[in-house]
Amino acid sequence: MVMIKNNSRRKIRDRIKHTFTTTNVLFIVAFVFLALFVSLFLYLLYWGFITSFKDNYSDFVRNVLGLPKKWKLSNYAESFKAIKVRIASGGGVRYALFPELLLNSVLYSVGGALVLVCSECFTAYCVAKFDKCKFSKILYAFNIVTMILPIVGSGPSTLQIMRALHIYDTIIGFWITKAHFMGLNFLLFHAAFTKLAKEYSEAAELDGASNFGVFFRIVLPLIGGIFLTIFLIEFVAIWNDYQTPLVYMPTHPPLSTGVFEFSRSSSNATVGTPHKIAGCMILFLPIFIFFLIFHGRLMNNLSMGGIKE
Amino acid sequence: MDTIGKIKEKPFFTRRKLRNALFYAVMAGIPIIQVCIFYIGVNLNSVLLAFRKYDFAADGYKWNGLNNFRQFFASFSTYSYMRSALKNSFIVFFATILVSFSGGIIMSFYIYKQRFLGKFFRVMLFMPSMVSSMVLVIIFSYFADSAIPVITHYATPGLLANSDTTFITMLLFTLWLGFGSGMLVYTGTMNGISESLVEAAELDGCGVFREFIHVTLPSIYSTIVVFFVGQMSVFFSNQMNVFAFYGGDADYKLYTFGYWLYVSVQRASPADYPYLASVGIIFTLILAPIVLVVRKLLLKFGPSAD
């Protein structure tokens, strides 16, 4: 036991020695910045976490930095109740409460991410499979052009077209706006399909499998890891997004919009800092736990310039 | 009878081709239609909208010539927030390039070389891109105004509450969050550098700094160009988290073009669409050629991985 401890200590000592003796100022500067970045980030989260359990008047005001004198779990329960979005509809006003916000968030993030990733994956497969076809070449080039060409301020026009198509302010309308193939994910899928050995699909085709059979039974399971990784990344991005729903789905707010509105509200019961931060934690903690579980998959599966399985 | 003796031509639409075309249409049809409507259609409509104005009497749009464009350029002399937006957008862009962008590459190099705590730093740098920026902004804003004065024994007031330090605090916070944005891509590309190349450099007596300058940077140059061009592309849409900090009520001094455009679209009625569309056209006409030329020049005159 002592031997193992000594070995691990020696390893750490060697690592530190290796870092600071065989290198120069560049690494020392980088290490200082990284350490500062991480310390500030972790301290901010720690401060937010402990603050969310404090009593606003008797504790937080006099004890801003210390641990709570009494851990007040009721802040979370009160914030749960207070997170709501005021919606003006049909001449009246109603409030979207927590369950509705959560449901919208799930529909918005799971549905949106699924539609987006399927659109990109399916189109990339067609472009990679029929790579000799001129149309495929056009689609690939079009995607590259849209990535290079910065187009600013198409929001008003999008709103006008969505209104004209009667899909403005609907969940289905939001899903439709996600059903495109443009962006980096398309290139990642395309690279994955291009690298994939054709022997499997050709053997299946010889056995009489249809195009759909080849894709869904053979190819999709082979790139399942990449599909899941991109889906998870998009899911988190949409879950956290509070600005898009404010513009395109004002009467279907998700939880992120609810927390944003809550942080800006001045309701007496939850006006204090601990309540506001508890509200943020309600949005943050599920993603934090999700990150702790999936960070290996999220970080290792996507290798730049392509994807590794 | 005429075809006797001639080679039988293959029909243009074989059953296989038809099957493939059907598969293509089913799999990629919806995304292609979507892009036709929501990218090509939206942008064409944006151009048309930019030359119109809303006629309340007729409840529709009518031709307005170049007036929307004139109105935008005139707004710089009329509204101080437009001048602030211009100045702040430049500050955010250059600060991001100098600090987050350059710092991100050096930190990625540290992680790539697997130095002390490299793996831990890798996870921690990636984490902010997973956490909602709005959540971090809210916690930070309370921290800056409640905890910082206590830490400094009330030598400084709240960093955001004090109007002299509000902008720089928000800028530093945005730069701080941006450090890790390209880390995964940079480290991934650096990992692709041939080990024999690195070993050869080491045998030639190349130190860490020279390896970074002469081996690593040229090898990941195309990735650096992609990120640089990406930063340029968001010049007019970078909000610097102003909306997350202040919602729609930010002080005019804190405006960036991205924030102003977002708040304007969020509050817009159909009568405002033409003016905002014209602003989008102006921004695109300024940005697109610059981005394309800079990208071409950087790729042409930059170092080669060879």
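Reader: Hi! Where does A:Asp169 lie?

Author: Hello! In this predicted model, A:Asp169 lies in the loop between α7 and α8 of chain A.

Reader: And what is its phi near?

Author: Phi of A:Asp169 is near 65°, a positive value in a residue other than glycine.

Reader: Is A:Asp169 exposed, partly exposed or buried, and why?

Author: A:Asp169 counts as partly exposed, because 18 C-beta neighbours sit inside 10 Å.

Reader: Okay, what about A:His166, where is that one?

Author: A:His166 is in the loop between α7 and α8 (171-178) of chain A. Phi of A:His166 is near 60°, a positive value in a residue other than glycine.

Reader: Buried or exposed for A:His166, and why?

Author: A:His166 counts as exposed, because it has 9 C-beta neighbours inside 10 Å. The cut-off for that class is 12 or fewer.

Reader: Nice, thanks. Let's turn to α7(A). At roughly what angle does it cross α1(B)?

Author: The axes of helix α7 (residues 155-164) of chain A and α1(B) cross at roughly 110° and come within 8 Å. That angle makes α7(A) roughly perpendicular to α1(B).

Reader: Which residues of α7(A) and α1(B) meet there?

Author: From α7(A) there are A:Pro156, A:Ser157, A:Thr158, A:Gln160 and A:Ile161. From α1(B) there are B:Ile37, B:Phe38, B:Gly41, B:Val42, B:Asn45, B:Ser46 and B:Leu49.

Reader: How many nonpolar, polar and charged residues in that contact?

Author: The contact of α7(A) with α1(B) has six nonpolar, six polar and no charged residues.

Reader: I was also curious about B:Asn43. Which helix is it in, and what does it touch?

Author: B:Asn43 lies in helix α1 (residues 15-50) of chain B. Not counting residues up to four places away in sequence, B:Asn43 touches A:Ile151 and A:Ser154.

Reader: Zooming out a bit, how many residues does each chain put into the A–B contact?

Author: Chain A gives 73 residues and chain B gives 80 residues. On the side of chain A that touches chain B, helix α2 (residues 25-51) of chain A gives the most, with twelve residues. That side of chain A divides into 46 nonpolar, 24 polar and three charged residues.

Reader: Good to know. What domains does chain A have?

Author: The domain assignment gives domain 1 (2-77) and domain 2 (87-300) for chain A. Taken over C-alpha atoms, the centres of domain 1 and domain 2 of chain A are separated by 33 Å.

Reader: How many residues are in the contact of those two domains of chain A?

Author: Nine residues come from domain 1 of chain A and nine residues from domain 2 of chain A. On the side of domain 1 of chain A that touches domain 2 of chain A, α2(A) has the largest share, with three residues. The residues of that side divide into three nonpolar, five polar and one charged.

Reader: And how is chain B divided?

Author: Chain B has domain 1 (15-50) and domain 2 (78-301). Four residues of domain 1 of chain B are in contact with six residues of domain 2 of chain B.

Reader: Last topic, α4(B). Which of its residues are buried?

Author: The buried residues of α4(B) are B:Phe121, B:Arg122 and B:Leu125. They cover an arc of only 105° around the axis, so they are on the same side of α4(B). On the other side of α4(B), B:Lys119 and B:Phe120 are exposed.

Reader: What do the buried ones pack against?

Author: The buried residues of α4(B) pack against α2 of chain A, together with α3 (80-112) and α7 of chain B.

Reader: At what angle do α4(B) and α7(B) pack?

Author: Helix α4 (residues 118-126) of chain B and helix α7 (residues 183-191) of chain B pack at an angle of about 140°, with their axes 10 Å apart. α4(B) and α7(B) are therefore oblique to each other. B:Arg122, B:Leu125 and B:Phe126 of α4(B) make the contact with B:Met183, B:Leu184 and B:Thr187 of α7(B).

Methods
Residues numbered from 1 in each chain as written. Chains lettered and ligands numbered in written order. Predicted model: local features only at pLDDT ≥ 70, side-chain atom pairs only at ≥ 80, totals over all residues. Contact = placed C-beta atoms within 7 Å. Helix = DSSP H or I, 4+ residues; strand = E, 2+ residues; numbered from the N terminus. Nonpolar A, V, L, I, M, F, W, Y, C, P; charged D, E, K, R; others polar. Domains from an automatic or database assignment. Axes fitted to C-alpha atoms, helices over the stretch in contact; angles between N-to-C directions. Parallel < 35°, antiparallel > 145°, perpendicular 65-115°, else oblique. Buried ≥ 20, exposed ≤ 12 C-beta atoms within 10 Å, placed from the backbone. Arc of directions from axis to C-beta.
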